[in-house]
Amino acid sequence: MENKDTKEKLLREFAPQLEKTSSATLIWILFLLGVIGWGVYAFITQVTQGHIVTGMRDNVVWGIYIVNFIFFMGMSYAGAIVSGTLHLFRTEWRKPIIRMAEYLAIISLLIGPGYILLCIGRLDRLYYLALFGRIQSPITWDVIAISTDIFGCLIFLYLSILRDIASLRDFSELKIPAWRKKIYSVLALGYTGTPEQEQRLRRATDIMATMVIAIAIIVYSVLAWIFSVTLQPGWHSTIFGPYFVIAAVYSGTAVLIIAMWVFRKVYHLELHITRKHFVAMGVVMVVLAALFGYFTFSDYLTKWYGSEKNDESLIKILFTEYYWPFIFSNYIGVLIPLLVVGIPKLRTITNISLSAIVVIVALWFNRYLIVIPTLESPYLPIQDSRPEWANYSGTWVEFALMAAGVALFCLLYTLASKFVPVMNVSEMSETPKTESPQIFKAEESLL
Amino acid sequence: MSVEDTNDNKKNSRRQFLKNGLIAGAGVVAGGSLLASYVDKSVPASGEKVKVLTTEGELVEVDKAQIHSPRVSIKESHNGIPGRKFVMVIDLAKCKNARKCVESCQKGHHLPKSQEFMKVYLLQDSEKSAPYWFPKPCFHCDNPLCVSVCPVGATFKRSDGIVLIDNERCIGCKFCMTGCPYSTRVFAWKDYPEFAEDKEPYSPEASSPGKEGTVAKCDFCPDLVRIGKLPYCAQNCPMGVIYFGDIDEDTVTNGSETLRFSELIRDRSGYRYLEVLGTRPSVYYLPPVERQFPVERGFNDLEESVKNRFKTTPYGKTHKL
């Protein structure tokens, strides 16, 4: 049951987040809009002059765009899996951070698919995917999977913010314009918190939490299959499905830690998001780091040990031209969180957040190394005197659009936090249930 | 319709039989078209006459050089030429990298220099094995991954074995390009001026005019085959490296010599490139044994930019190209 007093107290505390926009935030938003504007200009350049303005050519036909696609989609699945799992297990420490995970799921899911659109040569024919769609094509699987995922995540997010929207509607002290109040009252769907409503909402949220976990796994596997169904050395791998899912949740967990760190600082949530939460998420990250390292090792070990000629040349490229990105993404990106969270002394909020940044960058490069070197080492050797056709390097257009995507992500996150608090007020005002003592103890001993 | 219908007053040599067999095939598909659209008077007459069958069932004699194929519509291009299964045999022993296949193909398909449907590689299978020139068209696989992965059916496999692309349908996702293990497909990264040189309506059989933001590739020139001509590459190879024909008819020709496909493959140990991938190509290679030219001949009269392509190959490194 919700505790009315606690809720009022929390709402009063978070009200300024929704009521006021500081000048610093305003500058931040303007800056983000500026970056997005740069991206729009880059996009117009690409549309008017053709894909020749990108670094992509006939050998490396997919570049940074597809890397960002994988990356953003990965963040989304992480958000879905983390929030879904924490919800289903009724993990007590989820309450202040689960909203951020839900936002992460939906916001990155709205941006990710945009990057695959940037790879498409004829956007004017995009509707052909629906008109002439062929179910044999993994792209069609992806279209179906991603649109299902968007719906699933939107419903899940809506269900989990419904109670907070109703609380905001009923919270008379909130000083916001009437039109915003109106939005809350429409979106609250007449929820008043009767026991029947509460029970229904809980059941629906549970179902959707289960669904988004399942959908997320399917969608990310489908994304992996886009690569592994081809015959390209380096992609034609059976473990790509689970490998991508693990890598996704790993990178997304790191993004979530950064989100926690930023919102904690900006909205002064030190009382609610404590070291305990960082350590808990850190432990999740470490488990995923180990799994990710294991999958990476398995994939490259088998390619290297009994190597075919083309695997051999791919491994050679990875250990020569791409030496540092390779070491960084697949060694440092795994070991840093293991050390930081593994050694109790190093387990501070700052350290965990810093290692999360390392993980994010490492995982971005991990995807880059999956996509680009493979395309640079096809079965028939690339024989081309034009360096830009033999080797890929991103152009300003691609980087501008990458920056615009990150900016849009930050902007939507900022705006979302201005609409409904980044913390689940309703859940936080519930009195903790008595949990199964063993689990509780295990958790406590870790933290 | 038997081949005799079109050839009754020709000497019935095997070669003639085969060459005109292609024309006979064209007559079937052209059903409904007027003969007039098959003759292009602007082309100088060669004097060599062939007989073709009109839709009314009449035999008409026309000049061979003036036969011109009106491009079939996109819809029609989905149907293969009935009763045919095309095959190509490339004799590596004769290739000297003259690049006439590449150039004539680019001219015929109105391609920019940066788009090569036919590519000539300098391959060397291992360190101690001998380098050789390797012309590579599209393999028109019988198990084409490019066709499987296309989300909109823009690339398709026909009954005659040819894999074509409809660039009016293609959305430019490039999935087929990563699907193809032979790096066969090219993308129109911009609107190349060469595309506009072609004033005729687009047909997938001609792969021209090209279109920005779509994928293209070697098409086995079915528009030429319909009028009894060989693909550009086979027509223009000075060495007769490229044989084209019908696997069911068991014949291939390079324009000057016509051979039994099965005997050629048997006697010369023909093989398909990267058979291990299971794509089942329609292109066979004859190994570079008893070569007519040393591999160095391939560097004669090469443009600098083309020559530079081979600098990073094992051969190029050891010979300081």
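Strand 3 of chain B runs parallel to strand 13 (residues 283–286) of chain B, and four bridges join the two. The model is predicted. Within this pairing, L286(B) of strand 13 stands opposite D91(B).

Strand 3 of chain B also pairs with strand 10 (residues 242–246) of chain B, here in the antiparallel sense and over five bridges. In strand 10 of chain B, D246(B) is the bridge partner of F86(B). The two pairings are set out below.

| Partner of strand 3 of chain B | Residues of partner | Sense | Bridges |
|---|---|---|---|
| Strand 10 of chain B | 242–246 | antiparallel | five |
| Strand 13 of chain B | 283–286 | parallel | four |

Strand 3 (residues 86–91) of chain B is largely enclosed by the rest of the structure, because six of its six residues are buried. In a regular strand, side chains alternate between the two faces of the sheet. Both faces of strand 3 of chain B are covered. On one side F86(B), M88(B) and I90(B) are buried, and on the other V87(B), V89(B) and D91(B) are buried.

Turning to the interface, 38 residues of chain B are in contact with 34 residues of chain A. On the side of chain B that touches chain A, two or more residues come from each of strand 4 (119–123), helix 5 (145–149), helix 6 (175–179), strand 8 (186–187) and helix 10 (304–308) of chain B. Helix 6 of chain B gives the most to this side, with four residues. By class, the side of chain B that touches chain A has 20 nonpolar, eleven polar and seven charged residues.

Methods:
Residues are numbered from 1 along each chain as its sequence is written. Chains are lettered from A and ligands numbered from 1 in the order in which they are written. This is a predicted model: local features need pLDDT of at least 70, side-chain atom pairs count only at pLDDT 80 or more; totals for chains, interfaces and linings use all residues. Two residues are in contact if their C-beta atoms, placed from the backbone, lie within 7 Å. Ala, Val, Leu, Ile, Met, Phe, Trp, Tyr, Cys and Pro count as nonpolar, Asp, Glu, Lys and Arg as charged, and the others, Gly among them, as polar. A residue is buried if 20 or more other C-beta atoms lie within 10 Å of its own, exposed if 12 or fewer, and partly exposed in between; C-beta atoms are placed from the backbone. Two strands pair if DSSP finds at least two bridges between them.
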